[in-house]
Amino acid sequence: MARHTFARTTLAALSAVTLLALGACSSEPPSSDGGDGAEGGGDELISVGFSQVGAESGWRSANTMSIKDALTEENGFELSFSDAQQKQENQISAIRNYIAQGVDVIAFSPVVETGWDAVLEEAKGAGIPVVLTDRAVETTVEDAYVSFIGSDFVEEGARSGEWAVEQYDGEGYKVVELQGTTGSAPAIDRQQGFADAIEGSDLEVIDSQTGDFTRDGGKKVMEGFLTAHDDIDLVFAHNDDMGLGAVEAIEAAGMTPGEDIKIITIDGVKDGMAALAEGKFNYIVECNPLLGPDLAEVIQKTVAGEDVEERIVTQDEAFDQEGAKEALPDRQY
Ligand code: GYE
């Protein structure tokens, strides 16, 4: 049983995008500087402002590539892309710039869940539809976005925990957790899903700290865990990069990752899959970063005034060591 495909249901709830879409298709061109914002005509480019979280992980690089590959001029888009270096204030100012520019659609992957109300209200006031990719927001703004495209992070955490219980329950395993960015949807949800799944087993989380989704962060936090505890059996890392950092720390401490200390991670990027195939990781729950094509479709429909799905849940798989060996040669990212 090397591979499990998660059966996913896509919620087909339709959002009330008509008003926003009408705003986006207003007959007023957003600007008259270069003369390319001409009215009418079905073949003008759709201008999109995209605010990315950063470049913190292999997952993020693959996600950025997918978005840039999908939102090309050839496909009918004029993309403005900005990297927020994992800082919410940078994202907010990028979004405000896109509002001032009068882009047709704003898309972003919110670094943390809360604190977006004001800027979402401003986008709404300007009649610019917003699409969320990858991470969710918590907001009191009504109809703040037309669609949210991304994985179910609670389920990813749960699959990680279920596998851990299946493999190791009854052995009194001590677990340390490398959390993603504090306050981010994947960190909150993966922690929750994992905790719920191991409840009732004899696995115990003895320490949990953020490594900010980076390899370096994972390494430093793991070094601290290894100094503080001499009885760690299992690492649950919220992404591959932090797991890879943990591998370095474990090896530096003279132990064998995957054997002396087991490692479960989430993402399934190439470096993570290679570590799994080599036996340094024990299990990976995939998080598919290739959100560009869905994003392009949602934007096109929104601008055309068509209904879009309010929630698009990405399909993910999971891999053990044998599964990684099989999948690695065809891995795209
Ligand atoms: O798992 C991690 C990245 O939001 C799903 O962010 C994304 C997460 C991904 O930094 O590697």
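A polar side-chain atom of Arg 60 lies 3.0 Å from an oxygen atom of the ligand. Ser 57 also places a polar side-chain atom 3.0 Å from a ligand oxygen. For Asn 239 the corresponding distance is 2.8 Å. A polar contact here is a pair of N or O atoms within 3.5 Å. The protein covers 100% of the 300 Å² of accessible area that the ligand has on its own (Shrake-Rupley method, 1.4 Å probe).

The model is predicted; local features need pLDDT of at least 70, side-chain atom pairs count only at pLDDT 80 or more, and totals for chains, interfaces and linings use all residues. Residues are numbered from 1 along each chain as its sequence is written, and side-chain values use heavy atoms, without hydrogens and water.

The shell around the ligand holds 13 residues (a heavy atom within 4 Å). Glu 56, Asp 134, Arg 135, Asn 239 and Asp 267 come nearest. By class, five shell residues are nonpolar, two polar and six charged. Domain 1 (16-151 + 289-315) and domain 2 (153-287), with bounds from an automatic or database assignment, both contribute to this shell, so the ligand lies between them.

Key
Polar contact = N/O pair within 3.5 Å; in protein donor to acceptor, adjacent residues only side chain to side chain. Nonpolar A, V, L, I, M, F, W, Y, C, P; charged D, E, K, R; others polar.
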